[in-house]
Each structure stands twice: as C-alpha cells, then as structure tokens.
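Q: I have a model open and would like to learn how to read its features one at a time. Where should we start?

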Amino acid sequence: MRFAAGLLALALHTALLAAAAPLLAGLMAVLRARLLGLAAPPPFQAWRDLLRLVRKQPVLAEGASALAAAAPWIAFAATAAAALLVPSFTSGMAGEAGADLIAVFGLLALARAALVLAALDAGAPFGGLGAARVLGLDVAAAPALLLVVLALALAAGSTNIDAIAGIDAIAGSVGPAQLAALPLVAAALGLVALVETGLVPGEAGCDEAAMIAGAPPLDVAGWHLALVEAAAQLRLLLWLDLLGVAVFPAGMATADGGALAWAIGVACWLARTVVLAAALAAWQAARVRVPLARGPAILGLAAVLGLLAALALFATEAAA
C-alpha cells in the first residue's frame, strides 16, 4: 500500500513539475519586468516559446560531432532526474532512497558539463570563453556545496533529502548551536542558488551567462533549444524546491497521508514556491547592475557560511 502511494505521489510530483516549471519562468519574467518598469510579457509566454521551438528543426554548427546533438538530451534528462529526486509537496515518494543531495548535485553538474562540452565542440570563440568561465564558477561553487552538504548531513544525520526535510520536526529536541547553524546553512544554500540559477545579473545574452543558468549556448536552435530551455526551467524550480525543503518544509505531507494531507501539501508547496520565486525575481531586479564576475565572491561567502555552520555542528557533536 505504501509503495503504491509512493508511486502515485511521484506521478503527481512529475505532473506538477511539468506544468509549473514553464509557468514559473513566465511569472518571474513578468515580475522582473514590472519591478524594472518595463512592459511585461504574457505569463504563459514560456509555454508558447517551448511549443514554437518544438515545431522547428535543430541546426548544428558545421563540423560539430554527435556530442552537440546529444548534449540537449543529456542536459534535459539529467536535470529532470534531479528534479524528480527533490520532493515538492510530499515526502516518501517512490525512489526516496535515491533522493540524496550528492546525487542531485552530481546530476546538475552532468547537465551543465554536457552544455559546456557542446559549446566547446561547436568551435565558436564565444562558446569557448563561456565554457571556461562556467567551469571557473563550478570550481568556486564546489567548496560551498560540499560544506552545505556536510552541515545538512550533520544536522539531519543523513544526506537524504527526505531526512533533511524532517529537521524541523525534531527542532525541539536539538541544541541551540544546531538551531543557530540552520539559518547559516539556509543562507549558504540560497547564495549558491542565486548563482546556479543564473540570477547573478550582468552580461546577459553571453554564452557563459546562459550556461550558468542551464540555458543553451548561442548556437543551439529548434527542438534542441526547447529541450535545454525546459531543462533550465526545471533547474530553477528544483532549486526553489531544494530551498523550501531545507529552509521551510512545513506543510509537507507524507506519501501515505491521504488526499487531504496531499491537498495541504500542494497548497503549502505553491505558497512556498511563489514566495521564493518572488524574492529571487526582486533580488535580480534590485541588483541588475551587479556584474557576473561577482559570482565567485558570492560563492566564497556561501562557503564561509557553510563552514561556520559545519563548525557549530561539529562543536555540538564533540560536546555531546
């Protein structure tokens, strides 16, 4: 019975991601435009763009290998697999044993590596420059991500995302050092998310800015472009879900909790996602003049916060 409920929860989770990811991208574009005093596109524009691109044939660079054709599929498949591992409205979905932070970050790295290799394979100078800068940011992001994983694992006793979502349920039984460490972890994860979702503004339209956000380099077209844009939209929603799980998982149902618990979980997930998306869009609009080169500095701050959280949790474990 529990397994069947987990399968049904996973199916609903998949449907919610498929419907919400393009809509979320459209709504954030509307909010950013309004905050900047610009004419806003329709909220369903992202859906229309995907449908338009699906009907077009891809165009590959002259001399490109099979990697350029496979990269959009790899990027989309890896991002979709990672998004399915991060719970939205309920925990205990089918495959929860594989819902591990390290697996999620590894799949996201695979998706970006596919785009970087495709940009290098095309042989365009802008693609090579963009790939180099993206790899540089990945190197800067690695320590921050590792320290965040370490701190969350110390707080929850596991790197499993369902276990991390249950930290708040045991908050009453943990010490003050652990409670103080959780906001540091949340801040570090949020700073990494700002860079990982491409919300460090500046140099918009360059290959590196596109690939940082999981979006395509400039020589991708047709339904290849639809695949990579869909992956970028899923990546954004994944990070919002991950922030919600780590920061404020209140209202999450369990897979066998019944229809009412699921309805409450979906409502809380929608509210949490809208609030986080609005905050990210407002940050981008307010910090529109921040250059992309500030990405390593932001990731460095995230690493420091993650280190402080890990040290606080280590001290708590040593004193116990």
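A: Start with contact, which means heavy atoms within 4.5 Å. The model is predicted. With that cut-off, H13 touches A83, L84, V86, P87, S88, F89 and M93, leaving out residues up to four places away in sequence.

Q: In which helix is H13, and is H13 buried or exposed?

A: Buried means under 20% relative accessible area. H13 has a relative accessible area of 0%, so H13 is buried. The residue sits in helix 1, which covers residues 2-35.

Q: Which backbone oxygen does the side chain of H13 reach?

A: That of V86, at 3.2 Å. V86 is also on the list of residues that H13 touches.

Q: How is a pair of aromatic rings described?

A: By the distance of the centres and the angle of the planes. There are 3 aromatic pairs here. One of them joins F89 and W262: the ring centres are 5.7 Å apart and the planes stand at 75°, so the pair is edge-to-face. The cut-off behind that word is an angle over 60 degrees.

Q: Where in the chain are F89 and W262?

A: They belong to distant parts of the chain, 173 residues apart. F89 is in the loop between helix 3 (66-85) and strand 1 (90-91), while W262 is in helix 10 (residues 259-286). F89 is buried, at 0% relative accessible area. W262 is buried as well, at 12% relative accessibility. F89 is also among the residues that H13 touches.

Q: What should I look for in charged side chains?

A: Side chains of opposite charge can pair when their charged atoms come close. The count here is 1 salt bridge. D49 and R52 form a salt bridge through their side chains, with 3.4 Å from N to O.

Q: Why do residues three or four places apart in an α-helix point the same way?

A: An α-helix has 3.6 residues a turn, so residues at that spacing point the same way. D49 and R52 are both in helix 2 (residues 45-54), 3 residues apart, which is about one turn of the helix. D49 counts as partly exposed at 22% relative accessibility, and R52 does too at 35%.

Q: How far from R272 is the nearest side chain of opposite charge?

A: It belongs to D241 and is 6.0 Å away. R272 is buried yet has no salt bridge. The cut-off for a salt bridge is 4 Å. A polar atom of the R272 side chain lies 3.1 Å from the backbone oxygen of S88. Beyond neighbours within four places in sequence, R272 is in contact with S88, G244, F248, P249, A250 and M252. R272 is in helix 10, and S88 is also touched by H13.

Q: How do I check the length of a helix?

A: Helix 10 has 28 residues, which should span 40 Å, and its end C-alpha atoms are 40 Å apart, which agrees. Helix 3, with 20 residues, reaches 29 Å, close to the expected 28 Å. Helix 9 (residues 222-247) has 26 residues and reaches 38 Å, close to the 38 Å expected.

Q: How many residues of helix 9 are buried?

A: 22 of the 26 are buried, so helix 9 is largely enclosed by the rest of the structure. In helix 10 the buried residues include W262, W269 and R272. Those of helix 3 include A68, P72, A83 and L85.

Q: What pattern does the whole chain follow?

A: Along the sequence the pattern is α-α-α-β-α-α-α-α-α-α-β-α-α, with 11 helices and 2 strands. The chain has 320 residues, of which 48% count as buried. Of the contacts with a separation of 6 or more, 80% are between residues 24 or more positions apart.

Definitions and conventions
Residues numbered from 1 in each chain as written. Predicted model: local features only at pLDDT ≥ 70, side-chain atom pairs only at ≥ 80, totals over all residues. Heavy atoms only, no water. Phe/Tyr/Trp six-rings, centres within 6.5 Å; stacked < 30°, edge-to-face > 60°. Helix = DSSP H or I, 4+ residues; strand = E, 2+ residues; numbered from the N terminus. Buried < 20%, exposed > 50% of the residue type's maximum accessible area, 1.4 Å probe, protein only. Polar contact = N/O pair within 3.5 Å; in protein donor to acceptor, adjacent residues only side chain to side chain. Expected span 1.5 Å × (residues − 1). Lys, Arg positive; Asp, Glu negative; His and termini not counted.
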